[in-house]
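Work through the exercises below with the sequence and the structure in view. Try each task before reading its solution.

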Amino acid sequence: MAKLFINEKNKKGHINAELYGNFSEHLGRCIYEGLYVGENSDIPNTNGMRNDVVAALREMKLPVLRWPGGCFADEYHWKDGIGPKETRKKMINTHWGGVTEDNSFGTHEFFELCEQIGCKTYINGNVGSGTVQEMSEWVEYMTFDGVSPMAELRKKNGHEKAWKVDYFGVGNENWGCGGNMSPNYYANLYRRYQTYVRNYNSESPIFKVCCGPNGGDAYWTEEVLKTCHENVPKESHGLMNGLSMHYYTVTEDWSVKGSATEFDDKSWYKTLSKALYIETLINMHGAIMDKYDPDKKIGLIIDEWGTWFDCEPGTNPGFLYQQNTMRDALVAGLSLNVFNKHCDRVKMANIAQLVNVLQAVILTDGPKMLLTPTYHVFHMYKYHQDAELVESFIEGTKTIGEENEFMVPNIQESVSVDKDGVVTITLNNLSIKDSEDMEIKFAELKPSEVTSAIVTGDMHSYNTFENPDKVKETEFKDFNVTQSGISFKLPACSVIQFRVK
Ligand code: AHR
């Protein structure tokens with residue numbers, strides 16, 4: 001028996017909706033086919049955007065979308081993607097499969113997509129192979145409403161009004177694909193490039209994201225914070241609003257990552273324990289950030305995370321297309337609980353990637369679309385968006401696993417309360433076989449209305465185009481409401497959500 005104690009009166013911090021963000025890159029079939037099919041496609045679309053995908057993302061309440069990369073961002077020259085489509089430059093996508101990029105999806109299309117979804121915008125600029133002028137003109141093109149060469153160009157291309165750029169990344173993975181820079185070299189470039197990311201609209205300033213570490217690279221974090229935050233005059237603090245971090249859950253190693261669908265018990269626990277390692281990284285980089293920024297003004301932006309397995313057999317290895325099982329559902333569930341619990345420092349997170357790439361929430365096959373187990377987790381967790389984290393604690397967790405090295409707790413949780421006082425509880429049972437008797441106890445709340453939803457199944461379960469609903473969110477009714485809480489049996493291998501009034 002495990003008991004979840006909730007002190008709903010003790011609010012611990014605001015959960016930014018953006019923790020539930022996503023990422024879309026010009027990679028494989030993410031943008032082309034997955035999101036954008038063009039106005040003349042037989043696939044039902046609005047201004048080229050797939051209606052089925054947009055509807056699903058609205059239903060999931062996608063809060064923010066990052067674009068155009070990834071590694072692609074530091075090779076992307078935004079002027080190639082504006083103006084009449086027939087004259088847009090065709091280029092090779094050298095990073096991802098060597099395919100032709102015809103630039104038919106560019107700046108205008110990205111904003112159109114975000115408008116249809118109803119989400120915030122996160123643009124990633126090019127430091128690796130782009131100039132300061134290019135970056136500064138892009139910002140002018142997107143956000144300046146007055147008279148200027150770039151504003152005129154935007155108008156000529158059919159968009160009178162400036163758009164709103166909510167987040168802007170100054171480079172991506174500049175320690176790797178974004179230019180193989182040393183932290184010091186990048187940090188000085190950051191200072192320079194970000195200067196020209198102008199805030200043309202003082203009422204909605206752009207949130208600037210500095211490229212942060214790869215996984216556990218503490219040296220990068222220290223150096224970048226020293227150069228871009230500590231060693232600038234106090235009045236210039238604010239050169240960065242966020243520092244990014246990338247961490248992928250790779251079960252084996254980067255050369256043989258392992259299959260997304262065929263795995264044994266050991267690999268299940270290894271994956272989940274590696275996913276949970278993200279909390280160690282948040283604590284580690286958070287401690288360094290606390291040293292330079294004790295008031296937590298700079299957000300940790302986990303703008304790439306999720307599972308990375310070997311791509312599906314028979315698919316282009318450069319397209320990173322992988323299936324998504326109950327194991328991915330658990331990785332999503334436990335990672336999102338970790339982000340909630342660290343909402344004092346983590347201000348945005350963007351799972352990689354939205355459609356057809358890595359730990360996608362949606363897969364498509366021509367006109368067909370399916371929702372992955374990961375989608376259903378994001379859907380169940382959406383009530384945490386913009387809610388307040390509250391104190392919670394589980395008594396009676398067990399440590400489980402197949403090897404001493406890769407042990408995980410059997411149960412993991414996070415709890416929030418929204419502006420109407422509704423409590424959302426999300427719980428994961430990481431065990432492959434064992435259900436757990438559970439009791440939820442509130443400090444004061446006497447539950448009057450309780451609803452619950454669950455995603456559960458055999459650990460290998462996943463959705464196919466022939467059987468798209470094998471794993472799905474279903475209503476969970478098997479609980480008893482007591483004077484001070486809720487009791488129920490939490491099935492093995494499950495992600496569950498309660499909404500309590
Ligand atoms: O998400 C795939 C790639 O992973 C991104 O392009 C890059 O930033 C990271 O290495």
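**Exercise 1.** Decide whether R154 is buried, partly exposed or exposed, and find out which residue it pairs with in a salt bridge.

*Solution.* Step 1: R154 has a relative accessible area of 0%. Step 2: buried means under 20% relative accessible area, exposed over 50%, and partly exposed in between, with a 1.4 Å probe and protein chains only. R154 is therefore buried. Step 3: the partner is D145, and the closest N and O atoms of the pair are 3.7 Å apart. A salt bridge here is a side-chain nitrogen of Lys or Arg within 4 Å of a carboxyl oxygen of Asp or Glu. Step 4: D145, at 41%, is partly exposed.

The model is predicted: local features need pLDDT of at least 70 and side-chain atom pairs count only at pLDDT 80 or more, while totals for chains, interfaces and linings use all residues. Residues are numbered from 1 along each chain as its sequence is written, and side-chain values use heavy atoms, leaving out hydrogens and water.

**Exercise 2.** Find which parts of the chain the salt bridge between D437 and K489 ties together.

*Solution.* Step 1: the N to O distance in this salt bridge is 3.1 Å. Step 2: D437 belongs to strand 21 (residues 436-442) and K489 to strand 25 (residues 485-490), so the pair links parts that are 52 residues apart in sequence. Helices (H or I, at least four residues) and strands (E, at least two) are DSSP runs, numbered from the N terminus. Step 3: D437 is partly exposed at 37%, and K489 is partly exposed at 45%. Step 4: elsewhere, salt bridges with shared partners join D290, D293, K296, D344 and R345 into one network. The count of salt bridges comes to 31.

**Exercise 3.** Describe the largest nonpolar core and the surroundings of F168.

*Solution.* Step 1: a nonpolar core is a set of buried Ala, Val, Leu, Ile, Met, Phe, Trp, Tyr and Cys residues joined through side-chain atoms within 4.5 Å. Step 2: the largest one has 123 residues, and L57, F168, I302 and F339 have the most contacts inside it. Step 3: helix 7 (residues 265-292) supplies the largest share, eleven residues. Step 4: another core, of 25 residues, lies apart from it and includes I6, I440, I486 and L490. Step 5: leaving aside residues up to four places away in sequence, F168 touches (heavy atoms within 4.5 Å) several residues, among them Y122, M135, V197 and F207.
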